[in-house]
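Good morning, colleagues. Thank you for the time; I would like to take you through one structure, from its overall build down to individual side chains.

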Amino acid sequence: MHLSSTLHCNRMIMLFIISAGLSPFCKAQEPRSVVFKKHIISNTFISEGAAVGDVNKDGNIDILAGNYWFEAPSWKQHLIHADTLNPVPGYSTTFLNFCMDVNNDGRLDLIRFDQPGGICAWYENPTNKNTLWKTHIILKSAGIESPAFADVDNDGRMDLICNDTLTKEVIWLKSPVEKNDTTWHRFIISSDKQRATNRYTHGLGWGDVNKDGRNDVIIKSGWWQQPVDPKTNNWQFHAADFGEDCANMFVLDVDEDGDQDIISSSAHDYGIWWYEQQKDDKGNTTWVKHIISKLFSESHSLALADINGDGYPDLITGKRYFAHNGGDPGAYEASVLYWFQFKPGKNPQWVPHQIDNNSGIGNSFIVTDINKDQLPDIIISNKKGVFFFEQVKP
C-alpha cells in the first residue's frame, strides 16, 4: 500500500512526520474557532485502543476497536475476531490497535496489542465476507505500554517498536513488503536487559533528537541514536533524565531555539510537561523540565496535531479512565478530554480547551479527518466506550 493511503489508517503517521522534522504544518496563520460534536459509537468497554481505515473499500473511513469494526457512516458494529487469550480482570485484551494493509493485498487489516507482555497479532481482512478475520501472530511477548507504529526504515511501510519480554530486548519489527508476504522481520535496538525491557515499561517516543535526519527511539532514561542502517543491532544509547513513568514521547523544538525538546506526560499521576534541551558551561547537554498542565491525572496517551489550523501542532490528551481501576491519584475525577493550543517561542504557551468531561482517552487514540471535511477529528476507545469527536464548523 502506498504511503498516501496509509495516512488514513492511523494518526501516528502524522506524529512521526512531526518528530522527524518533516513538518506537515503550514506557516502560522489566523486560528479558527474550534467546536467538537460528540458521537457515542458504543457504551461498552471494548478496548483501550482505536484505529481507523476504510475496511470495506466503500470510500468511508471506519473505526476499528478491539474485537470490532464500526462501519461508517451509520457505525454498524461488525465482529472481527473472538480472541481473549488471557484476560486480566478489569482490563482489556486490546491495549492498542493500529491499521494497515499488512499483506499488501489491497485490503486494510487490524493490528492488536494485547495487555503488556501478551501477544501482538494482526487480523487479515477477508473483505465483505461474513466470517471472522484470520489471526496471525507477530510477537508472542510484546511489552512496553505504548508501542510505536512508525516507518523505521523509510520505505513507506509502517513498522512496530516494542520490547520482547522473553528475550529482554528492545526491538523493531519490519512489516511485510511483498504481496501475500506475512513475515515480520525482527531487528534489535538494544539487548541491554536492564533498560526498557519490563513488560510494563512506560514511555516511548520516535523522533530526531540530534537533528541528523534520522529518527531516534526515546525512553524516560535517554534515547537510542538510529544508525545509518536501522537494521544494525544495538543502537548507541545516550543517557538522559526525562522524569517519571510517562506516556507517548514527542520530539519538537518547543521554544524555537534550534534544538529539539521532548514532550510527554504522567501515565498514572498528574502532569503534562516538556523537557528543554540546553547546554551547560562545559557544552554538555542538560534537560530542564517545564510543566504544561496539572489539570487532570492519568494522561496515558498523547497526540500532536494542528487542531485550529494556525500551522502549529497542538497537544491532545485527557484522562485514561480508571487506568489502575481507581488506584491512581485523581482516578475518580471527571474523565476529561482536552486540546492544548500551542504557541511556540522563547516562552511557549499551551492554552487548555476542554472538549468533554465524560470520555477521556485510552492507551492510543486517533486524531485525523475521518469524514473528509478538512477538519481533524478525534476517535477514542476506553473503559467508557468508543467515541467519535467530530470537529464541526461553528
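I shall begin with the chain as a whole, then turn to hairpins, cores and aromatic contacts.

Please bear in mind throughout that this is a predicted model. The chain contains two helices and 27 strands. Its radius of gyration is 19 Å, close to the 21 Å that the globule rule gives for 394 residues, so the chain is as compact as a globular protein of that length. The C-alpha trace spans about 65 × 50 × 40 Å along its principal axes. Of the 394 residues, 60% are buried. Among contacts with a separation of 6 or more, 51% are between residues 24 or more positions apart.

Strand β3, residues 62-65, runs antiparallel to strand β4, residues 68-71, and three bridges join them. Glu-71 has Lys-76 as its bridge partner in β5. This second hairpin has four residues between its strands, and there Trp-75 takes a positive phi near 65°.

Which residues have the most contacts inside the largest nonpolar core? That core has 19 residues, and the ones in question are Ile-111, Phe-113, Cys-120, Ile-138, Leu-160, Leu-173 and Trp-184. The elements that supply two or more residues to it are β6 (96-100), β7 (109-113), β8 (118-124), β9 (134-150), β10 (159-164) and β11 (169-174). Strand β9 gives the largest share, namely four residues. Taking Cys-120 as an example, and leaving aside residues up to four places away in sequence, its contacts include Ile-111, Phe-113, Ile-138 and Leu-160. The contacts of Cys-120 also include Arg-112 and Ala-142.

The structure holds 17 aromatic pairs. In one of them, the ring centres of Phe-98 and Phe-113 are 6.2 Å apart and the planes stand at 90°, so this pair is edge-to-face. Because Phe-98 belongs to strand β6 and Phe-113 to strand β7, the pair ties together parts that are 15 residues apart in sequence. Both Phe-98 and Phe-113 are buried. Together with Phe-149, they form one aromatic cluster.

Why does the pair of Phe-242 and Tyr-275 count as edge-to-face? Their ring centres lie 5.8 Å apart with the planes at 75°, and planes over 60 degrees apart are classed that way. Phe-242 sits in the loop between β16 (236-239) and β17 (248-252), whereas Tyr-275 is in strand β19 (residues 270-279), so the contact ties together parts that are 33 residues apart in sequence. Phe-242 counts as buried, at 1% relative accessibility. Tyr-275 is buried too, with a relative accessible area of 6%.

Finally, two lysines lie over aromatic faces. Lys-383 is placed over the face of Tyr-91, at 4.6 Å from the ring centre. Lys-384 lies over the face of Tyr-321, at 4.4 Å from the ring centre.

Thank you for your attention.

Technical notes:
Residues numbered from 1 in each chain as written. Predicted model: local features only at pLDDT ≥ 70, side-chain atom pairs only at ≥ 80, totals over all residues. Heavy atoms only, no water. Pairing = 2+ DSSP bridges. Core = buried A, V, L, I, M, F, W, Y, C linked by side-chain atoms within 4.5 Å. Buried < 20%, exposed > 50% of the residue type's maximum accessible area, 1.4 Å probe, protein only. Contact = heavy atoms within 4.5 Å. Phe/Tyr/Trp six-rings, centres within 6.5 Å; stacked < 30°, edge-to-face > 60°. Lys NZ or Arg CZ within 6 Å of the ring centre and 35° of its normal. Rg over C-alpha atoms; globule rule 2.2 N^0.38 Å.
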